[in-house]
Structure formats: C-alpha cells, structure tokens
Amino acid sequence: MTDWELRPALMADVEGVAELRAVVMRPDLERLGRYDEQRVRQRLRDGFTPAHTWMIEVDGAPAGCVALRPTKTAYWLEHFYLDPDSQGRGIGSAVLSRLLERCDREDAVVRLNVLQGSSARRLYERHGFTVESEDAVDVFMVRRPSSPGDRDHSVGTRPGESSLSPSPARSGLHP
C-alpha cells in the first residue's frame, strides 16, 4: 500500500479542503440536484474546526482530510474527503480503521451522514456502520464500539507516521 500519514490540520488548510470537498462531492451532489459551486465550499468553511481535523498526506503530498468532532454522546465523523487520485488504494479504509480503533478504546459511539447513493456508504458499512435514519438526501449512520475480542489490534501507528492526535486534550482521543 502507498505510504500515508495524518497530520493535525491548521486553519491555513481550510481553502484547500474546501476545494477538495467541491471536487469529491460534486458527482453525488449533481446526481441529487443539489450542487451549488459556492455553497459546497462555504459549508466546509463554516464547519471547519482544525482542533478536530487531520490532513491526510500520501507520499508526502496533501491528499485529503478527516474530522472527528466530539459531542456529549458520540464522535461525529465529518469532512472525510480523499483526492480522487488516491481513492481505491486502501487509504480511506486504513485511515478509518485507525480512527475507529481509537474510538473503540474509549468505548465511543461514532456517527456520520453520507449522501444517498454515495459509494462511500459501502466503506462505512464494511467498518460496522449501520443506518440509523435517512431522508431523500442523507443517510445517517452509527457505529457502536466493538468488543475487545472483535478488535483488530494490528492497526496502529507505524514507524514514521504521526499519531492520530498530538495531545489527548486536542480531541479527547488518546493515541
């Protein structure tokens, strides 16, 4: 597999992530009749929180992002975008596995929403997410923590990779 790592996001990353979101989401939003060139970028800008976001780098170059926003009852997996050139290479699955392993250690529920008809839904289902509710545009999914015997302990930080979180206070997740 290609070398990848997570690094903490900075506010300076917001415009690059907004552009990536527009590229990645465009086909699904157009299919649903909801693509708006300005709105797709502004929604990212409005919800971008560097303290809960990591940039995905592939072979040393920016290739995506992912956010895990804590609430009182769960983490919300948000802004998970991977450059189309990096998709289909196992990177998204590896990133998601790392995040979920840490959530499992905290016995934390993870929630997300995905657009109706998005191929990303299959990725989430493979990682244990189930549909909680849906409407004409969104599918809301949830993943309860796996039991210790079900966990894949092979997922972790490899030499040369950054940990998921530079400090426990940053997101509540402990590497």
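**Burial and an enclosed cavity in a predicted model**

Biologist: In this predicted model, why is Cys65 called buried?

Modeller: The relative accessibility of Cys65 is 0%, and buried means under 20%; Cys65 therefore counts as buried.

Biologist: What makes Cys103 buried or exposed?

Modeller: Cys103 has a relative accessible area of 0%. Exposed would require over 50%, whereas the value for Cys103 lies under the 20% limit, so Cys103 is buried. Of the 175 residues of the protein, 46% count as buried.

Biologist: What makes a space in the protein a cavity and not a pocket?

Modeller: In a cavity a 1.4 Å probe fits but cannot get out, whereas a pocket is an open set. The structure holds one cavity of 30 Å³ or more, and the volume of the largest cavity is about 40 Å³.

Biologist: Which strands each supply at least two residues of its lining?

Modeller: These are β3 (61–70) and β4 (75–82). The lining residues include Ala67, Arg69, Glu78 and His79, and Gly47, Phe48, Thr49, His52 and Thr53 also belong to the lining.

Biologist: How do you know which class each of these residues belongs to?

Modeller: Ala and Phe count as nonpolar, Glu and Arg as charged, and Gly as polar. By class, the lining has two nonpolar, five polar and two charged residues.

Key:
Residues numbered from 1 in each chain as written. Predicted model: local features only at pLDDT ≥ 70, side-chain atom pairs only at ≥ 80, totals over all residues. Heavy atoms only, no water. Buried < 20%, exposed > 50% of the residue type's maximum accessible area, 1.4 Å probe, protein only. 1 Å grid on protein atoms, 1.4 Å probe; cavity = no way out; pocket = protein on both sides within 12 Å on 5 of 7 lines; lining within 4 Å. Points joined across faces, edges and corners; volume = space filled by probe spheres on them. Helix = DSSP H or I, 4+ residues; strand = E, 2+ residues; numbered from the N terminus.
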